[in-house]
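Hello, and welcome! Let's walk through a protein together, one question at a time.

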Amino acid sequence: MERTTMENIRDMVDVDTVIGEPILTQDGSTVIPVSRVSFGFVAGGGEYHCGARYRAPAEDGDRLPFGGGTGAGVTLQPMGFLVTNQNSVRLLPAQAYAPADRIIELVPQLLCEVKTMLKNKNEKEQARKASVAPPQSDPQSVPQSAPQG
């Protein structure tokens, strides 16, 4: 029974269940569904003494009555979608998160924007300095005057 249960769960929980099939969009982006799969098992049993009311048949000897059971559960929860395009990879969550979670999620994108802004600012400053600064002359090309004496 355990082997059959494990085989059934293995069939249900494969890579395609956790990371879904990629979906190509018209704008060239790829959307990949991502899920969380969790499962559990429980089994138990015991022999119970019922006092004088229960008398085991003679062929059973002194064995007590047995009771047992098993159970299993599987949960599949959609987590979100990975969206990839030529410029970025983003995770779009399937559930609504608290504002703090959303801020944490946006930090990498914010850092990228700040980095790009600073790079553009530095390039503009260098271009401005290059257009305003007089041309530097090479000290070896300037004629030396003869010492007076």
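Predicted model: local features only at pLDDT ≥ 70, side-chain atom pairs only at ≥ 80, totals over all residues.

Residues are numbered from 1 along each chain as its sequence is written, and side-chain values use heavy atoms, with hydrogens and water left out.

Q: Which pattern does the protein follow along the sequence?
A: Helices (H or I, at least four residues) and strands (E, at least two) are DSSP runs, numbered from the N terminus. There are three helices and four strands. Along the sequence they give the pattern α-α-β-β-β-β-α.

Q: What is the order of the strands in the open sheet?
A: Strands of a sheet pair through backbone hydrogen bonds, either parallel or antiparallel. Here two strands count as paired if DSSP finds at least two bridges between them. The open sheet has four strands with antiparallel pairing, in the order 1-2-3-4.

Q: Which strands stand at the edges of the sheet?
A: The sheet is open, with the order 1-2-3-4. Each edge strand has a single partner strand, so one side of each is left without a neighbour in the sheet; these are strand 1 (23-24) and strand 4 (89-93).

Q: How many bridges join strand 2 to strand 3?
A: Strand 2 covers residues 30-47, and strand 3 covers residues 66-84. Among the facing residues, Pro33 has Phe81 as its bridge partner, while Gly46 stands opposite Gly67. The two strands run antiparallel, and the number of bridges is 18.

Q: Which residue takes a positive phi in the hairpin of strand 1 and strand 2?
A: Strands 1 and 2 run antiparallel and are joined by two bridges, with Leu24 facing Thr30 in one of the pairs. Their hairpin has five residues between the strands, and the phi near 95 degrees belongs to Gly28.

Q: How many residues does the hairpin from strand 3 to strand 4 pass through?
A: These strands pair in the antiparallel sense over five bridges. Leu82 has Leu91 as its bridge partner, and Gly80 has Pro93. The hairpin joining the strands runs through four residues.

Q: Where does helix 3 bend?
A: Helix 3 (residues 99-132) has 34 residues and reaches 47 Å from its first C-alpha to its last, close to the 50 Å expected at 1.5 Å a residue. A bend is the angle between axes fitted to the seven residues ending at a residue and the seven starting there. The angle is about 40 degrees, Pro108 follows within four residues, and the bend is at Val107.

Q: Is Met6 buried, exposed or partly exposed?
A: Met6 lies in helix 1 (residues 2-12). Buried means under 20% relative accessible area, exposed over 50%, and partly exposed in between (1.4 Å probe, protein chains only). At 43% relative accessibility, Met6 is therefore partly exposed.

Note on methods. Expected span 1.5 Å × (residues − 1).
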